[in-house]
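The tour goes from one selection to the next and says what to look for at each stop.

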Amino acid sequence: MDRPARVVKAQAVDALIARMDNRIGHALFIGAELPEVALHLLKKGLTITVVESDAGKLDAFLEPLRMEKLDRSVSIDSRPYSSIEFLSSSYNVIVSWRGLPADMAPALFFKKARRELKAGSTLYLKINLQPALEKLPLSIADALSLPEACSLEEVKEAADRFLNLEEFISLGVLTERL
């Protein structure tokens, strides 16, 4: 039985929160996603930088933080992530629920993230993987060939070149009938 996207996302958020034990520092959110995770980190004393250009998504992200009066610990940058030069070793956590930024190849993204993460820090990245297109009918395969999607091998290879990976954890897979 297929699970709705909101259920899968809620389970992923719960899994993320359970793994985040940072007590102090700075978190970078690439995209205004997962305000539940941001709220958890803010309550632990971290400050947050959000990279987001969409005002609607940003308002939705900030609303629960405003309700808890924790939005003052959040800074916002509306430029594309690829064009921002953060200081080296600035962040204890980077969260990118939307996956790799559309304008960045995996190798470029991981190189940039490595420069911005402090030693021993964590990158939480949702990866949009290409399906095994050769096993699908051509029309479905064409529809699923998204430009932002990449193979797991491509992502792992790029990550291995720039990050000292301890583990690659899949938080969940959403399957829908076609």
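**Stop 1: helix α3**

The buried residues of α3 are L58, F61, L62 and L65, where buried means under 20% relative accessible area, exposed over 50% and partly exposed in between, with a 1.4 Å probe and protein chains only. Helices (H or I, at least four residues) and strands (E, at least two) are DSSP runs, numbered from the N terminus. This is a predicted model, in which local features need pLDDT of at least 70 and side-chain atom pairs count only at pLDDT 80 or more, while totals for chains, interfaces and linings use all residues. Residues are numbered from 1 along each chain as its sequence is written, and side-chain values use heavy atoms, with hydrogens and water left out.

Now show what covers these buried residues: β1 (25-30), α2 (35-43), β2 and β3 (74-77) are included.

Next, select the two ends of α3. Its 13 residues should span 18 Å at 1.5 Å a residue, and the end C-alpha atoms are 18 Å apart, which agrees; the expected span is 1.5 Å times one less than the number of residues. Select F61 to find a kink of about 30° in α3, shortly before the proline P64. The bend is the angle between axes fitted to the seven residues ending at a residue and the seven starting there.

At the N-terminal end, D54 caps α3, with a side-chain oxygen 2.8 Å from the backbone nitrogen of G56. Just after α3, K69 has a positive phi of about 60°.

**Stop 2: residue E52**

Select E52, in the loop between β2 (46-51) and α3 (55-67). Is E52 buried or exposed? E52 counts as buried because its relative accessibility is 6%.

Show the side chains of E52 and R98: a polar contact of 2.2 Å joins them. A polar contact is a pair of N or O atoms within 3.5 Å; within protein, one must be able to donate a hydrogen and the other to accept it, and residues adjacent in sequence count only if both atoms are side-chain atoms. A polar atom of the E52 side chain also lies 3.0 Å from the backbone nitrogen of D54.

Leaving aside neighbours within four places in sequence, E52 is in contact (heavy atoms within 4.5 Å) with several residues, including G31, A32, K57 and I76.

**Stop 3: the sheet**

Select the strands. Five of them form an open sheet in the order β3-β2-β1-β4-β5, with parallel pairing; two strands pair if DSSP finds at least two bridges between them. β3 and β5 (117-125) are the edge strands, each pairing on one side only.

Which strand does β1 join through six bridges? It is β2, and the two run parallel. Within this pair, I30 stands opposite V51 in β2. Five of the six residues of β2 are buried, so β2 is largely enclosed by the rest of the structure.

Move to β4 (residues 91-96), which five bridges join to β5 in parallel. Pick V93: its bridge partner in β5 is T122.

**Stop 4: the whole chain**

Color by secondary structure to see six helices and five strands. Of the 178 residues of the chain, 37% count as buried. Among the contacts in the chain with a separation of 6 or more, 63% come from residues 24 or more positions apart.
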